[in-house]
Amino acid sequence: MKALITGADGQVGTALRRAAPDRVEVIAVDRSTLDITDRAAVEAMVARVRPDIIINAAAYTAVDRAESDTALAKAVNATAVGHLAAAARAAGARLIQVSTDYVFDGRAAVPYSPAAATAPLSVYGRTKRAGEVLAGEDALIVRTARVYGPTGNNFVRTMLRLMAERGEVRVVADQIGTPTYVPGLAAALWALAGQGATGIFHHTDSGSASWYDFAVAIAEEARILGLLVDDVTVTPIATTQFPTPAGRPLYSVLDTSATTARLGVAPHWRSNLRIVLNALLHNG
């Protein structure tokens, strides 16, 4: 199998490259080697490479900046997905699109199923939902949430830095979701791809947490490991106390039952947090 991975320098793209099965030949591209918003460039790359699958891990993920940078967010998160989908069909390949819990409005009281109605609150969420539509019904779309790992820019690394610098942090406590260990997401993407899955699936770690819960766990586990020398004060605040340009769902836990039926239950988010913190302890 030959796989073309876009966004190869990001968190998800990096994890996908590292987790690629031995039987898969990977062609990894980033923004410097393929502008996915350029239809002709996408068509030429796919026609030359002739992949069996295309995994689109590229995205405009600056949620707040997207509110004022709408054109670029739409070009990367939506229009480019249409280019990739069309090129995939022309080459007889299958598109795998990574999406987000931000396609939901957060008004639910139970985890969102893949078939639940979408109602994004932000430009980021709306453009990612548009990308899902443009990917088409023959694509595999995997929604995830709060992705983090030992590399790249993410909540865990940011919290560790702020905790070490300030000794205290104030974190939103009324936005509930599920952290997702990026190597676990990559493994799920490869497994679903290998099964020939199409349609919409959800993948996160098990459990749920507010950003505050996650920050408290980071502080506790990092203190045990010695990543933090001093105790840290984590103060819960409401979303209204931390206004942002983009709206965010207050509840965006994803129903992953269709995925776990195929792949088994993912580890709990706190277990994976320990793995990441240990990696940071030993590798920096």
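Guide: Contact here means heavy atoms within 4.5 Å. Helices are DSSP runs of H or I with at least four residues, strands are runs of E with at least two, and both are numbered from the N terminus. The model is predicted, so local features need pLDDT of at least 70 and side-chain atom pairs pLDDT 80 or more, while totals for chains, interfaces and linings use all residues. Residues are numbered from 1 along each chain as its sequence is written, and side-chain values use heavy atoms, with hydrogens and water left out.

Start with α5 and α7. From α5 come F155, V156, M159, L160 and M163; from α7, W211, F214, A215, I218, A219 and A222. By class, this contact holds 11 nonpolar residues, no polar and no charged ones. Nonpolar covers Ala, Val, Leu, Ile, Met, Phe, Trp, Tyr, Cys and Pro; charged covers Asp, Glu, Lys and Arg; the others, Gly among them, are polar. An α-helix has 3.6 residues a turn, so residues three or four places apart point the same way. Helix α5 spans residues 155-166 and α7 residues 211-225; they pack at about 65°, axes 10 Å apart. Axes are lines fitted to C-alpha atoms over the stretch in contact, and angles run from 0 to 180 degrees between N-to-C directions. The crossing of α5 past α7 is right-handed: the near helix is turned clockwise from the far one by less than a right angle.

Now α4. Its buried residues (under 20% relative accessible area, 1.4 Å probe, protein chains only) are V123, Y124, G125, T127, K128, G131, E132 and A135. They pack against α3 (70-91), β4 (94-100), β5 (140-144) and β10 (199-202). Just after α4, G136 takes a positive phi of about 95°.

Next, two loops. T178 sits between β8 (176-177) and β9 (180-181). T178 counts as buried because its relative accessibility is 2%. A polar atom of its side chain lies 2.7 Å from the backbone oxygen of G207. Beyond neighbours within four places in sequence, T178 is in contact with A145, R146, T204, D205, S206, G207, S208 and V253.

D105 belongs to the loop between β4 and α4. A polar atom of the D105 side chain is 3.0 Å from the backbone nitrogen of R107. D105 and P249 are 144 residues apart in sequence, yet 5.0 Å apart in space, C-alpha to C-alpha.

How values were computed: Buried < 20%, exposed > 50% of the residue type's maximum accessible area, 1.4 Å probe, protein only. Polar contact = N/O pair within 3.5 Å; in protein donor to acceptor, adjacent residues only side chain to side chain.
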